[in-house]
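This report describes a protein chain and the ligand modelled with it.

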Amino acid sequence: MTYDVIIIGGGPAGMTAAIFAYKKLNHKNAKILLIEKNKKLGKKLYATGNGKCNLGNTLLDLTCYESNQEFFPYEIIDVHTHKLICDFMDSLSVNITNKEGYLYPSSLQASSVVWAMTDKIKEIGVEVHINEECIKTISDKNVYHVTTDKNTYTSRNLILAPGGASAPKLGGTQKIYSMASQLGLAVYPPYPALCKLKTAADISMLAGVRSKAKATLYVNDNEYLTEQGELQFTENSLSGIMIFNLSCNAGNLMEQGNKLHIVISLLPEQKETEIFEFLIKARESCPTRTIHAILNGLIHEKLAKYIINIQANGSHTENKNIENDKSDNDLKKNNNPCYRTINTFTDMEIENLAHTIKYLKFEVTGCGSFDEAQVTSGGVDTTCINPASCEVYGNNGLFVVGEYLDVTGKCGGYNIMWAIATGMKAGEGVR
Ligand SMILES: Cc1cc2nc3c(=O)[nH]c(=O)nc-3n(C[C@H](O)[C@H](O)[C@H](O)COP(=O)(O)OP(=O)(O)OC[C@H]3O[C@@H](n4cnc5c(N)ncnc54)[C@H](O)[C@@H]3O)c2cc1C
């Protein structure tokens, strides 16, 4: 038997493609096969948005997506896409709520979206093979042969929707890229994205600290991207949504030999001169307080220690005395720079402190692992993809959708929006 459509991957891209392919073929006996290696469809989708499934965003600008073909994502996603997603969800009886541009099912449960999609797939009679892994794909005179760990199938249309390499517990795997190569598609190497970024400096003393901040990523000392939000420190990395957004293309850039660093402004709303003036005033009004106590009036006390340490050592080198200190008495005992009273600081020293609070620099040495990353950057080269249909140019009936493509959205619903939008295009494109 030859299927009309085979779809590899039962995530949001693959499930959407199945539903739209059924609509397009518009007849009850269309033979559509959806193959998923997990035991259930949409396993990753359940985990998205902390279980709430942030499936789109009404805000759009040129920083929302990264790709080696910079403008390709915007040939598919435009200011109307979120409306298409809402209409699609409405057709599945899922009500959408808009929280300052971020779209969620109004139940705030990802299961609403997964169940609605899987129920529709069942209702329209899509043949679903779960627990079955595709291992080989061959193109042969406008039909496609798909070999799984259980069988071989043939189809007139083939939609590749196997996601990325990230989150292996939810289905991510690097094995998927060989399928594209078997079909002659070029692939940009996959890297973990929307993940933490490792620092050269030892920041273990800051582990657990959270702070509102602005972060700017520099590539070879050139400003690349700025994000604002909550910064989180871990043992050896910077984390938090704004760092995830800066990580979108970091793996790729580092692999190409670029030097990356991040500059953090710990008080984004205040000018450096205002911080300087605050400290000068503190020197007059509270002359005998320690610099650590004074800086804690501005920033988290561990960050205060870290910054004083930098000033005292002239580098990010950790002062173990600082890490181990428990009380002011200990600080005094160890002749720790944190214990210096503010009245002993010169104007220039205060200027340096204000500057460091405003421009705290971290060299980036790597990304988090695929285990920790929400998505994968890199993937199938989009130069061979027709954005009108997500079909491979010159290859009738072969479509590539979702995270498998070399397109990475930032946090905020942009990746599911991408998966659904490309799934719609491919489904509408089948013949
Ligand atoms: C913890 C977490 C939270 C996230 N939160 C959000 C969020 O709130 N908003 C947002 O926009 N994005 C979020 N994302 C990203 C988003 O989930 C993905 O970008 C999106 O699911 C990609 O959809 P997809 O259909 O392309 O791929 P996937 O959802 O990864 O689906 C691909 C499917 O293909 C299957 N598969 C792979 N290989 C094979 C094979 N050989 N044979 C058969 N089946 C195969 C996989 O098992 C998988 O089920 C989050 C990701 C994670 C990990």
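The expected span of a helix is 1.5 Å times one less than its number of residues. Helix α11, residues 301–313, has 13 residues and should therefore span 18 Å at 1.5 Å a residue; the C-alpha atoms at its ends are 18 Å apart, which agrees. Within α11, the buried residues are Leu303, Ala304, Lys305, Tyr306, Ile307, Ile308, Asn309 and Ile310.

**Overall architecture**

The structure is a predicted model. Its protein chain contains 15 helices and 22 strands. The C-alpha trace of the chain extends about 85 × 40 × 35 Å along its principal axes. The chain has 431 residues, of which 55% count as buried.

**The ligand site**

| Residue | Protein atom | Ligand atom | Distance |
|---|---|---|---|
| Lysine 44 | side-chain N or O | oxygen | 2.7 Å |
| Cysteine 134 | backbone N or O | nitrogen | 3.0 Å |
| Glycine 413 | polar backbone atom | oxygen | 3.3 Å |

On its own, the ligand has 1,000 Å² of accessible area, and the protein covers 93% of this.

Is glutamate 100 buried or exposed? Its relative accessibility is 74%, and the cut-off for exposed is over 50%, so glutamate 100 counts as exposed. This residue is placed in the loop between β5 (96–99) and β6 (102–105). The phi angle of glutamate 100 is near 50°, a positive value in a residue other than glycine.

Leucine 194 likewise has a phi near 50°, positive although the residue is not glycine. Leucine 194 is found in the loop between β11 (187–193) and β12 (197–199). Because its relative accessibility is 1%, and buried means under 20%, leucine 194 counts as buried.

**Strand pairing**

The strands β3, β6 and β5 form an open sheet of 3 strands in the order β3-β6-β5, with antiparallel pairing. At the edges stand β3 (56–57) and β5; each has a single partner strand, so one side of each is left without a neighbour in the sheet. The antiparallel pairing of β3 with β6 runs over 2 bridges. Asparagine 57 has tyrosine 102 in β6 as its bridge partner.

Strands β11 and β18 also pair in the antiparallel sense, over 5 bridges. Valine 380 in β18 stands opposite valine 187.

How values were computed:
Residues numbered from 1 in each chain as written. Predicted model: local features only at pLDDT ≥ 70, side-chain atom pairs only at ≥ 80, totals over all residues. Heavy atoms only, no water. Helix = DSSP H or I, 4+ residues; strand = E, 2+ residues; numbered from the N terminus. Buried < 20%, exposed > 50% of the residue type's maximum accessible area, 1.4 Å probe, protein only. Polar contact = N/O pair within 3.5 Å; in protein donor to acceptor, adjacent residues only side chain to side chain. Areas by Shrake-Rupley, 256 points an atom, 1.4 Å probe, with all protein chains shown as cover. Pairing = 2+ DSSP bridges.
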